[in-house]
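Let's take a walk through this one together, a stop at a time. Have the sequence and the 3D view handy as you read.

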Amino acid sequence: MVCLVSRSGRELQRYDQGRRLVVGCIPYRYKTGSDGSIKDELEVLVISSKKGQGMMFPKGGWETDESVEEAASRESLEEAGVLGKVGCELGQWSFMSKRYGTFYEGYMFPLLVKEQLDLWPEKNERQRIWMDVAEAREVCQHWWMKEALDVLVRRLTTLPRHPQEDVL
């Protein structure tokens with residue numbers, strides 16, 4: 001059973017030295033051939049902004065009642081409707097919110113997608129699209145998410161690949 005309501009409000013929001021802490025995931029999978037075999041072609045899932053201006057990876061506030069990995073997984077479920085295995089942190093970035101004009105700290109994680117839901121909390125507010133890495137890098141509106149994508153690609157291309165296991 002999956003909750004179909006997104007968390008809202010900032011009562012439980014984490015801050016560090018006045019900076020809001022946000023967490024996101026880069027949902028990824030390997031393409032499957034028509035015969036069911038898993039190919040080496042990597043796909044990542046991008047989502048539309050709520051305001052419809054550009055694409056990005058799922059991300060949102062890290063709350064006081066959850067671990068950073070739980071927050072990353074929750075945001076992927078709420079915004080993109082995917083479940084999977086959260087891997088080791090890709091990095092931490094400091095960036096300015098265009099909307100609020102304040103600095104945030106962003107943490108990004110890989111999420112090896114195991115399940116894609118037909119219904120999810122923000123289904124009516126966002127579009128989700130699987131694409132190859134080059135396309136995703138082109139359409140992603142946040143520089144720090146592009147850097148996280150580069151880290152993920154380097155990690156996936158230097159480690160031995162075991163698609164049924166989480167090696168990250």
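Let's begin at valine 139, which you'll find in helix H2, a run covering residues 133-139. Keep in mind that this is a predicted model, so what follows describes computed coordinates. Is valine 139 buried, exposed or partly exposed? With a relative accessible area of 33%, valine 139 is partly exposed, since that value falls between the 20% limit for buried and the 50% limit for exposed. Now look at what sits around this residue. Setting aside neighbours within four places in sequence, valine 139 is in contact with Val46, Met55 and Met131.

Next up is helix H1, residues 68-80. Its 13 residues reach 18 Å from the first C-alpha to the last, close to the 18 Å expected at 1.5 Å a residue. How much of H1 is covered? Mostly, it turns out: ten of its 13 residues are buried. What does the covering? Just after H1, glycine 81 takes a positive phi of about 70°.

Now for the rings. There are four aromatic pairs in the count. In one of them, tyrosine 28 and tyrosine 30 have ring centres 6.3 Å apart and planes at 90°, so the pair is edge-to-face. Tyrosine 28 counts as buried at 3% relative accessibility, and tyrosine 30 counts as buried at 11%. Another pair, phenylalanine 95 and tryptophan 144, is stacked, because the ring centres are 4.3 Å apart and the planes are at 10°. This pair links distant parts of the chain: phenylalanine 95 is in strand S7 (residues 91-96) and tryptophan 144 is in helix H3 (residues 143-158), 49 residues apart. Both phenylalanine 95 and tryptophan 144 are buried. Ring pairs also bring in Tyr104, linking Phe95, Tyr104 and Trp144 into a cluster. Elsewhere, arginine 29 lies over the face of tryptophan 130, at 3.8 Å from the ring centre.

Last stop: the cysteines. How many disulfides does the structure hold? The count is zero. Cysteine 25 is buried, with a relative accessible area of 0%, and cysteine 140 is buried as well, at 4%.

Conventions:
Residues are numbered from 1 along each chain as its sequence is written. This is a predicted model: local features need pLDDT of at least 70, side-chain atom pairs count only at pLDDT 80 or more; totals for chains, interfaces and linings use all residues. Side-chain values use heavy atoms; hydrogens and water are left out. A disulfide is a pair of cysteine sulfur atoms within 2.5 Å. Buried means under 20% relative accessible area, exposed over 50%, partly exposed in between (1.4 Å probe, protein chains only). Helices (H or I, at least four residues) and strands (E, at least two) are DSSP runs, numbered from the N terminus. Contact means heavy atoms within 4.5 Å. The expected span of a helix is 1.5 Å times one less than its number of residues. Rings of Phe, Tyr and Trp (its six-membered ring) pair if their centres lie within 6.5 Å; planes under 30 degrees apart count as stacked, over 60 as edge-to-face and the rest as tilted. A charge sits over a ring if NZ of Lys or CZ of Arg is within 6 Å of the ring centre and within 35 degrees of the ring normal.
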